Amino acid sequence: MNNAIELSHVTKTYPTFTLQDLSLTLPTGCIMGLVGENGAGKSTTLRLIMNTITRDSGEITVLGQDNRSDAFRELKNDIGVVLDEAYFPEVLNPRQVGQVMAQTYTRWDEATYAGYVDRFALPWKQRFKDFSRGMKMKLAIAVALSHSPRLLLLDEATSGLDPIIRDEILESFSEFTRDESHSVLLSSHIVSDLEKICDYIAFLHRGRLVLCEEKDALLEGCAIVQCTRAQLSDLPEEAVLGIDQSPYGVRALVRRELVSPVFSPEKPTLEDIILFLAKGEEQR
Amino acid sequence: MKGLLLKDLYVLTAQMRFFLVLILLFAVIPSYSMSGFAIIYAAMLPYTSIAYDERSKWDQLAGMMPYSIRQVVLSKFMLGYLCVAIATAVSLLSALVIPGGKASPASLLTAACVALTIMAVTLPFMLRFGVERGRMLFILVIVAAACSSMTAMEALNESGVALPQVLALGAPVLAAAANLISLPISFRAYARRSF
């Protein structure tokens with residue numbers, strides 16, 4: 001099995017939003033960052049992958065299994081999911097959550113769970129409702145990592161957390177993918193987090209997949225050029241991916257290989273690329 | 001499904017401690033009306049559990065876990081059966097042990113059957129529309145059940161049929177039929193709900 005997730009021409013229509021013709025592949029052993037503004041379709045994509053909402057068309061395969069097959073329910077033992085909120089009953093404490101999960105997942109590992117709860121400094125007897133957001137998300141991540149999953153699906157798991165906790169959580173995801181059979185799909189609008197740990201970047205904008213590329217190739221293949229409006233016309237049209245004009249000049253996102261070094265192209269950040277592409281889509 | 005039941009029991013014992021003690025207290029009092037109330041109230045505990053699930057958005061998380069729709073729905077029915085069984089058992093024990101009570105074992109078992117019938121009729125709506133909207137239907141069912149049972153009793157009295165015998169035989173049949181019909185409807189009702 002070469003791919004952990006395959007989506008082929010998936011469409012889902014709501015009264016006010018449509019996820020259009022989404023095709024996406026997450027190779028096994030990789031971390032893919034799904035980036036996009038609020039309402040771009042990231043959560044819808046994750047719910048479609050887990051088959052908790054029905055799609056209008058298209059095919060979805062997860063860990064080699066059609067996600068509408070009867071066998072997919074058993075396969076959920078291999079998938080750790082963290083949603084944008086933790087959604088545990090508020091009166092439960094980590095010990096009780098562990099006991100419930102031990103009866104839920106066939107490969108629940110109490111020792112691994114205890115290890116994560118202690119490592120994240122979560123109080124065993126404190127009720128979930130008295131946890132901070134960071135603690136709640138850490139508990140959700142501890143649960144997701146404690147039943148020997150092969151695939152992690154994380155929906156905004158790091159949003160709203162302070163940088164120190166975010167870093168700690170991202171580190172646990174990196175550790176997870178040291179096993180080559182493990183894969184992660186991580187949705188976020190914090191692009192800097194994705195830049196840190198992802199192998200692939202997929203950018204969703206208003207329900208459409210704008211790009212899906214290997215992160216390093218994307219960063220090396222793109223460049224930012226600062227010039228005047230007059231100089232802009234000297235750039236090859238096919239090289240320009242996005243333009244940001246201001247009274248002081250023009251910044252353009254370009255394909256590095258198509259632009260002369262005379263323009264002194266600079267290395268962009270992932271955030272630069274996403275912002276340029278989003279603006280380009282807005283101008284369409 | 002054991003995990004779902006365990007979760008519900010943790011939630012109910014933490015959130016409803018006072019009411020659970022009240023149910024047991026009413027069940028212990030050797031009076032038919034008190035015991036009957038305890039048994040009917042016990043049958044409503046699955047609604048409370050569904051309400052707490054809605055509040056914490058547990059269903060969204062459960063959808064990501066290796067649970068089938070049947071298991072989620074069955075866990076609510078099992079919770080109801082368990083609660084009614086405990087309330088009925090305590091009532092029966094109290095009726096047998098404490099002297100002077102008016103509750104007979106047959107009347108308590110009839111109350112348990114009525115409670116399970118009400119639960120079977122209302123749970124599909126709770127599972128489909130949520131507790132807030134399902135509660136309105138629950139009130140309608142209670143009123144309809146009270147009116148129709150009174151009419152039926154009057155009709156039986158007039159025809160000279162022995163009411164206790166009819167109830168003792170009819171209530172278990174009604175409860176079993178209602179639950180057998182309710183389960184597949186509930187599976188479909190919950191499957192149509194989106195979280």
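**Labels and their grounds**

Analyst: Start with strand E9 (residues 200-205) of chain A, where 5 of the 6 residues are buried. The model is predicted.

User: What makes E9(A) mostly covered?

Analyst: A residue is buried if 20 or more other C-beta atoms lie within 10 Å of its own. In E9(A), 5 of 6 residues are buried, so the strand is called mostly covered.

User: How do you know that strand E3 of chain A and E9(A) pair?

Analyst: Pairing needs at least two bridges found by DSSP. E3(A), residues 31-35, is joined to E9(A) by 4 bridges, so the two strands pair. They run parallel. Val35(A) stands opposite Phe203(A) of E9(A).

User: Why do E9(A) and strand E10 of chain A count as paired?

Analyst: The cut-off is again at least two bridges. E9(A) and E10(A), residues 208-214, share 6 bridges, so they count as paired. This pair runs antiparallel. His205(A) has Arg208(A) in E10(A) as its bridge partner. The hairpin of E9(A) and E10(A) has 2 residues between the strands.

User: What makes Arg206(A) worth a remark on phi?

Analyst: Most residues other than glycine have a negative phi. Arg206(A) is not a glycine, yet its phi is positive, about 50 degrees. Arg206(A) is found in the loop between E9 and E10 of chain A.

User: Why is Arg206(A) called partly exposed?

Analyst: Buried starts at 20 neighbours and exposed ends at 12, with partly exposed in between. Arg206(A) has 17 C-beta neighbours inside 10 Å, so it counts as partly exposed.

User: Which class does Asp21(A) fall into, and why?

Analyst: Asp21(A) has 15 C-beta neighbours inside 10 Å, so it too counts as partly exposed. Its place is in strand E2 (residues 18-27) of chain A. Phi of Asp21(A) is near 45 degrees, a positive value in a residue other than glycine.

User: How is chain A divided into domains, and what joins them?

Analyst: Domain 1 covers 3-206 and domain 2 covers 218-283 of chain A. Their C-alpha centres lie 34 Å apart. The contact takes 8 residues from domain 1 of chain A and 8 residues from domain 2 of chain A. On the domain 1 side, helix H7 (191-197) and E9 of chain A are the elements that give two or more residues. H7(A) supplies the largest share of that side, 4 residues. By class, the side has 5 nonpolar, 2 polar and 1 charged residues.

User: How many residues of chain A and of chain B are in contact?

Analyst: Contact is called when C-beta atoms lie within 7 Å. By that test, 23 residues of chain A are in contact with 21 residues of chain B. Helix H2 (72-75) and H3 of chain A each supply at least two residues of the chain A side. The largest share, 4 residues, comes from H3(A). The side divides into 12 nonpolar, 6 polar and 5 charged residues.

User: Which residues of H3(A) are buried, and what covers them?

Analyst: In H3(A), residues 94-102, the buried residues are Pro94(A), Gln96(A), Val97(A), Gly98(A), Val100(A) and Met101(A). Their cover includes helices H4 (110-119) and H5 (133-145) of chain A, together with helix H1 (2-15) of chain B.

User: Which residues have the most contacts inside the largest nonpolar core?

Analyst: That core has 123 residues, and those with the most contacts inside it are Leu153(A), Ile39(B), Ala42(B), Ala43(B) and Ala115(B). Helix H7 (residues 105-129) of chain B gives the most, 15 residues. Leaving aside neighbours within four places in sequence, the contacts of Ile39(B) include Val84(B), Ala87(B) and Ala115(B).

Definitions and conventions:
Residues are numbered from 1 along each chain as its sequence is written. Chains are lettered from A and ligands numbered from 1 in the order in which they are written. This is a predicted model: local features need pLDDT of at least 70, side-chain atom pairs count only at pLDDT 80 or more; totals for chains, interfaces and linings use all residues. Two residues are in contact if their C-beta atoms, placed from the backbone, lie within 7 Å. Ala, Val, Leu, Ile, Met, Phe, Trp, Tyr, Cys and Pro count as nonpolar, Asp, Glu, Lys and Arg as charged, and the others, Gly among them, as polar. Domain bounds come from an automatic or database domain assignment. A nonpolar core is a set of buried Ala, Val, Leu, Ile, Met, Phe, Trp, Tyr and Cys residues joined through C-beta atoms within 7 Å.
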